[in-house]
Amino acid sequence: MKTNYREAPYSKFHTMIYLCAILGQIACGYALGIAGTAVTQAQDKLGLTTFWVGLLGAGTLIGLGGSLFIGNIADKIGRSKLLLVDMVLFTLFSILQLFTSSVGVLMALRIGIGLCIAVEYAVGSTIVSEWFSAEKAPTFLSRFIIFWTFGYVASFFAGLVMGNLATDYHIIFATSAIPGAVTAVLRIINGIPESPSWLASVGRTKEADVLLTKKLGSEYGVILEKKEAEEKVSVGELFSPKYRKNTLVGGIFYACQVFPYFGVGIFLPILIAQLNMGDANTSNILYDVFCMAGAFVGTWLCNRISRRRFLTSTFFGAAIALIVMIVGQSISIIVTVVAFSAFALIMSIAVVMEWPYPPELFDDRVRGTGVGIVIAFSRIGAALGTFLLPILMESIGATGTLSVCAAILIVGGVVCQIMAPETSLKHMKKEEKVQETVSGQNA
């Protein structure tokens, strides 16, 4: 009898898959982060109103709503095809931004880039979770945030340099083609093997066996129940009694998390100016330093505390930091800056859970569709946060805007406290042991 391929020892083959995945995360982080600098440079030249500033900033995030159907497509045609084409289109859309001054065309291209990022989020995490062991996959997925944040922070420093050089906004937008092209070339050269468990789930077991023999050895195979191969996946199934709770928790936690994260992050210069936090460049650098630090801290914490505790503590912690920022404005700039740094750190820790948790909420057969729906929910939150932040800043000021963000974080924390299922294998086993002990004592 063959051994489950997911129990195979880590090898250079796994490293190749992971490298292809994380380069996509770097490109995604850069493309999302560079939007703030580019839109700021384009505002006067294009005569953008606050409405269009927010809409262009949110364009990529609106495109990310495509996760709703991309995950389902991945469950129907496979993971590798989408990942191979994805970064080619991402690079093409990025380059095309050089050749238009039309707000409408620029918006369409940003949405197109967002659709490509949706593939990375929905399919990139899925293929890693299906090639790596159940024990190792969460650790590797949690590290996605380090590489995503690297791209996000790199976009700030690139934007800072280009902004000081008065670089044309076309060029600033188009620089996302660089990480996109690097990723596309690597994937084309190395290829991305299909998920064996997906192949088996759609009845292509022989292909899965051939693939595993080539990549891992003939002693490995797919362990999958036959009945799952006969069932078709639909979006509606994710809202059936079996999956409804997990789908809602995944979508709500993600949406409540990214609303303040992207809203504050992309339009950071506007927020800093209203909060009177001193030199804007220094405050921006401080924010990015703590974001990068949070990525490492969050990765370290990921498998050391339970999923539910991780989610609830980061939601409530970030909300407290925002409340202190609001109160601190009337006390001291030091209080505001410390709270501001704490918010950056905690939010960066929080988003680590966006990679391992959604795939854990669903089984292999519906994972692509489930993760896609969860990400689609999240993009509504991210797009609304980015679109509304400049409008809110103009209408209710920094204090009101931060209050809205704090309220959304509290809602996310409460939902997770009440509904979030525990999916960490280590902590689930601990809970089972405790329950067995209590049952034994009661008996």
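The lining of the second largest cavity comprises, by class, 7 nonpolar, 1 polar and 1 charged residues; here Ala, Val, Leu, Ile, Met, Phe, Trp, Tyr, Cys and Pro count as nonpolar, Asp, Glu, Lys and Arg as charged, and the others, Gly among them, as polar. The model is predicted, and local features need pLDDT of at least 70, side-chain atom pairs count only at pLDDT 80 or more, while totals for chains, interfaces and linings use all residues. Residues are numbered from 1 along each chain as its sequence is written, and side-chain values use heavy atoms, with hydrogens and water left out.

A cavity is a set of points, on a 1 Å grid over the protein atoms alone, where a 1.4 Å probe fits but cannot get out, and its lining residues have an atom within 4 Å of a point. Grid points are joined across faces, edges and corners, and a volume is the space filled by probe spheres set on the points. Searching the whole structure gives 2 cavities of 30 Å³ or more.

The second largest cavity, with a volume of about 40 Å³, is lined by Tyr121, Ser125, Tyr254, Glu354, Trp355, Pro358, Pro359, Val371 and Ile375. Two or more residues of this lining come from each of helix H5 (103–131), helix H18 (357–360) and helix H19 (367–419); helices are DSSP runs (H or I, at least four residues) numbered from the N terminus.

The largest cavity holds about 60 Å³ of space. Its lining consists of Tyr121, Ile145, Trp148, Tyr254, Val258, Tyr261, Phe262, Val351, Glu354, Trp355 and Arg379. Helix H7 (144–164) and helix H13 (244–266) are the elements that give two or more residues to this lining, and H13 provides the largest share, 4 residues. The lining of the largest cavity divides into 9 nonpolar, no polar and 2 charged residues.

Technical notes
1 Å grid on protein atoms, 1.4 Å probe; cavity = no way out; pocket = protein on both sides within 12 Å on 5 of 7 lines; lining within 4 Å.
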